[in-house]
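Please view the sequence and structure below first.

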Amino acid sequence: MTVQVPVRIQTGAPVRIDGKDFHAGPVISGGRVFYDKEAGTQIVLSEIAQMKMALALRLREVKPHDELGSARRETLRIDWGTFTPAERATALRRAMFVRKLDKVEPSLHRSKKKVILRVIDEVCRKYRFPSDARPSPRQVRNWYRIFVTAGRDVRALVDCHWAKGRRGPRYPEWEREEINRVINEKLLSHHPSNHRTARLLATRALRELAAKRGEEPVLLGRTGIGKNLISRMLHERDKFEVMVQTKNVREARRLAQSVQLGPQGDFVNNHWEVDHCLLDILVIDEETGKIAGRPWLTAIIDRYSRCIVGFSLSFAPPAWTSVMDALRVAIMPKEWLLADIGNIDNSWDCFSVPRHLTTDHGRDFKSNSMVAASSALGFDLHHAPPRKPWFKGKIERWFRTLQDQIVHTIPGTVLSKWENRKFFDANKYAVLTIHEVNWILAKWVVDIYHQTTHSKLGRTPAEMWKRGLQSIPVLREFPEDLIVPMMGLVVPRTLRHGGVRYLGLRWDHENWSTVRAYLPDSANVQVRIDPLDISSAYVYDPRAEKWIEGVLVEPVEARGLTLNQWVTIVRLRKRIAEDEAISQEEALAKAFEEIDDYVADRIHGRLDDKAPARFASFRKRTAWSVIRPARLDNDYKPPGDHRLIGKIKSPPLQAHGPFEESRLPELAAPTNESGRRKRNASNHDDLTPEEEQAKALAAKQASEQAAEEIVASIVPLEESSVLQQVQDDVSRADRARRPKRKKKTGETHGVAKQATTTEVQVSPPPEPDFSEENDGDDDDVVPVGYGRD
């Protein structure tokens, strides 16, 4: 090891003195000035001092220090306390060898192997190092060189394992930019994806971008980028910026801010804290045994002694009533309460009025009743600043202790963390009522919590309360008859002849008539209602400046109930009334719906069996069917024929009415040659008997079919039993009035009739024979074509 001693130092040249950077200043009488680069101070060294420091390797050039590695120079800037215990132990063990070697004189012998071996033997024998921890002379010489070059700083002996390996970027810059873009889109959002999804999307994006660039992507993982690359790049970012992008600025500031120490109590009853908590336990109803819900706990704690001075347990959500109840318990002595609860071994000596009461910004703590109680009892009401829970951290921490030590250990607990409730059914184990839970809380507070040493105080809360009483005057006791009207619900109401009304309740008293006599009409008075017993209410008399008590007149069944119970009953009655109204409406709607369905079914059935359009008018019940109800009577005689001769000059009054004569369809006259041959042939007696018989049979069938259609439009559907009889009568009547066909002579084939004939002479048909011999059935049907005039 060579030693470089600056015999000549140029002005302005950089040097290192005890490991610090200096600039050589001007030469003055008796020495030279050196300026510290970091501190900006200056020192003066004489020539003799410079020579001695150079020989001791305290004054050196900058070049040896620059030859140290970058990792070693970085280690010299790291605080010693930030190294791990193993790294500090390694550096201190090496310092034992180098400091022993640094004491060897002269300094030129410090590089000799024999001297170094002797130093190693002495240190190992003195500190009893094992043989495997014995360093070699070369290692000790290297440690000493680094130690001296670094200005004898022990941090230079720390292992630089963190600097080993490949520290350069393994991915190109354009790939890192693309990965950061995927991180911004998928992870730094209000609905972030998981790291696996981000890694898959980043791999796909790199491959697509590499294809556009015409390059091969650098993917160091099995199927894409490295498994932990996303996590490492995300951890390199600023944590506060990540929280702002994933949550919001307010939440990021809340998580980043430090939790400060809240105000401490100076003595007993100086400062109280109050808050609400929903207990993690299900309770059952006393009468039905069904689940009633989770109760709310309102508790008040003394900051100085950490004693619980009062609490209230109920099903009512956070409201002024629970605060007033807990405050009443806190102010009054507890002998009556312990006697009522029973089976409490220790005393509960906490009572009186505080000087300050700290709450949050809930509506129940800003109510008129709370302000009136603070004015009447003489304590200052303070609201903790928003988003600074340490201003009432004592009661918050006590709630956690209560849940962990007692609530989570009794049957019916619902546990605080949802992941613990996965296979746990709290409803199955709920067996305690609210009164039993209230006794458990009182027993735990008085006999366990107050008698357990507090970790911060070093004493039990009960001992701290007794100790604090020595430095304050005697506690002031308030009479119960004064506390009850002071801490009730304050509401403005009109005092009428029937008393005061509120929430369906009515109070009255004969002494209120005096107050009513001096008040103008419709004037409001201040009314205080006891939240624990609504059997009484108090009206303030401004002339006498006192509260006058009244009793509950109606409803009588509400006497002895708390205001919370009555409010619950009122809400339940309203809900039942609404349910009944809804049930009535549903029943009415269901009835109307059934009627509509019935009508729709009937219409659908009628449409399915609807008669043809030409018979639609006969399906209706018209005036004609009422006028002719007895046309099927046996005594009814048919009239004569009413055939019309000639054309009808005007249309009927009712085209589809029942008075229109039904006519058989006329056969169209043939116009072709075959038709003329047939017509001419019919004029001659050239038809055989078989042809004449077939022709007559066809005409008979056509007439019967037409008659059946007409009768079907007249006869109702339900008279199916008479249908066959009517058809037979119609057929006989038609055959009877059909004229016989006569042969015409003197007409030649192909001669047409004259088209100028305006009137056709038709001989009347012979009278049909309706005798008993020709009628095989009763004459109970009027033949078609008769009786229509």
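The side chains of Asp159 and Arg94 meet in a salt bridge, 2.6 Å from N to O; a salt bridge is a side-chain nitrogen of Lys or Arg within 4 Å of a carboxyl oxygen of Asp or Glu. Distant parts of the chain are linked by this pair: Asp159 sits in the loop between helix H6 (137-149) and helix H7 (173-186), and Arg94 in helix H4 (residues 85-102), 65 residues apart. This is a predicted model in which local features need pLDDT of at least 70, side-chain atom pairs count only at pLDDT 80 or more, and totals for chains, interfaces and linings use all residues. Residues are numbered from 1 along each chain as its sequence is written, and side-chain values use heavy atoms, leaving out hydrogens and water.

**Salt bridges**
- The whole structure holds 25 salt bridges.
- Arg176 and Glu236 form a salt bridge at 3.6 Å, N to O.
- Glu185 and Arg181 form a salt bridge, with the closest N and O atoms 2.9 Å apart.
- Glu185 and Arg181 are about one helical turn apart, because they are four residues apart in helix H7 (helices are DSSP runs of H or I, at least four residues, numbered from the N terminus).

**Accessibility**
- Arg94 is buried at 15% relative accessibility (buried is under 20% relative accessible area, exposed over 50%, partly exposed in between; 1.4 Å probe, protein chains only).
- Arg176 is partly exposed at 23%, whereas Glu236 is exposed at 58%.

**Lys113**
- Lys113 lies in helix H5 (residues 113-127) and is exposed at 54%.
- Beyond its neighbours within four places in sequence, Lys113 is in contact with Pro137 and Arg141 (contact means heavy atoms within 4.5 Å).

Key: Helices (H or I, at least four residues) and strands (E, at least two) are DSSP runs, numbered from the N terminus.
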